[in-house]
Amino acid sequence: MSTVGRMERLEKFMAVNDVDGDVHYVRTSNTRATLCGLVPAASSNGEVTCYRCHEFALGNV
């Protein structure tokens, strides 16, 4: 898990219609969208592979 802003928890999810099959971050306070704006599907245990979600989590965007 990672944190964003005020120690907000993030969970890892796959996304609907993601042809690359990336693993994304989803805020626990807003489970309707990934950090990069996609619709979450199933949760995942894999490493986050979405570059945009990773950058949002680090605060670089």
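Buried means under 20% relative accessible area, exposed means over 50%, and partly exposed lies in between (1.4 Å probe, protein chains only). Helices (H or I, at least four residues) and strands (E, at least two) are DSSP runs, numbered from the N terminus.

The legends below describe a predicted model, in which local features need pLDDT of at least 70, side-chain atom pairs count only at pLDDT 80 or more, and totals for chains, interfaces and linings use all residues. Residues are numbered from 1 along each chain as its sequence is written, and side-chain values use heavy atoms, with hydrogens and water left out.

Figure 1. Along the sequence the elements follow the pattern β-β-β-β-β-α. The chain has 61 residues, and 34% of them count as buried. Its accessible surface is about 4100 Å², with 48% belonging to carbon and sulfur atoms; such areas come from the Shrake-Rupley method with a 1.4 Å probe, and for residues only the protein chains shown count as cover. Among contacts (heavy atoms within 4.5 Å) with a separation of 6 or more, 37% are between residues 24 or more positions apart.

**Figure 2. Confidence in the model is given by pLDDT, the predictor's confidence in each residue, from 0 to 100.** The chain averages a pLDDT of 90, and 89% of the residues score at least 70. Among the elements, strand β1 (residues 3-4) has the lowest mean pLDDT, 53, while β3 has the highest, 97. Where pLDDT is low, the predicted coordinates should not be read in detail.

**Figure 3. H24 is located in strand β3 (residues 24-27).** Is this residue, H24, buried or exposed? With a relative accessible area of 1%, H24 is buried. Its side chain joins that of D18 in a polar contact of 2.7 Å. A polar contact is a pair of N or O atoms within 3.5 Å; within protein, one must be able to donate a hydrogen and the other to accept it, and residues adjacent in sequence count only if both atoms are side-chain atoms. Leaving aside residues up to four places away in sequence, H24 touches several others, including F13, M14, T34, C50 and C53.

**Figure 4. L38 occupies the loop between β4 (30-34) and β5 (40-43).** L38 counts as partly exposed, at 31% relative accessibility. Beyond residues up to four places away in sequence, L38 touches A15, D18, H24, R32 and A33. The C-alpha atoms of L38 and M14 are 9.4 Å apart, and the two residues are separated by 24 residues along the chain.

**Figure 5. R27 and E8 meet through their side chains in a salt bridge (3.3 Å, N to O).** This pair links distant parts of the chain, with R27 in strand β3 and E8 in strand β2 (residues 8-15), 19 residues apart. A salt bridge is a side-chain nitrogen of Lys or Arg within 4 Å of a carboxyl oxygen of Asp or Glu. A search of the whole structure finds one salt bridge. R27 is partly exposed, with a relative accessible area of 30%.

Figure 6. A disulfide is a pair of cysteine sulfur atoms within 2.5 Å. C53 is in no disulfide either, as its nearest cysteine sulfur, that of C36, is 3.7 Å away. C50 is buried at 7% relative accessibility, and C53 is buried at 0%.

**Figure 7. Helix α1 spans residues 51-58.** Within α1, C53, E55 and A57 are buried. G59 follows α1 and has a positive phi, near 85°.
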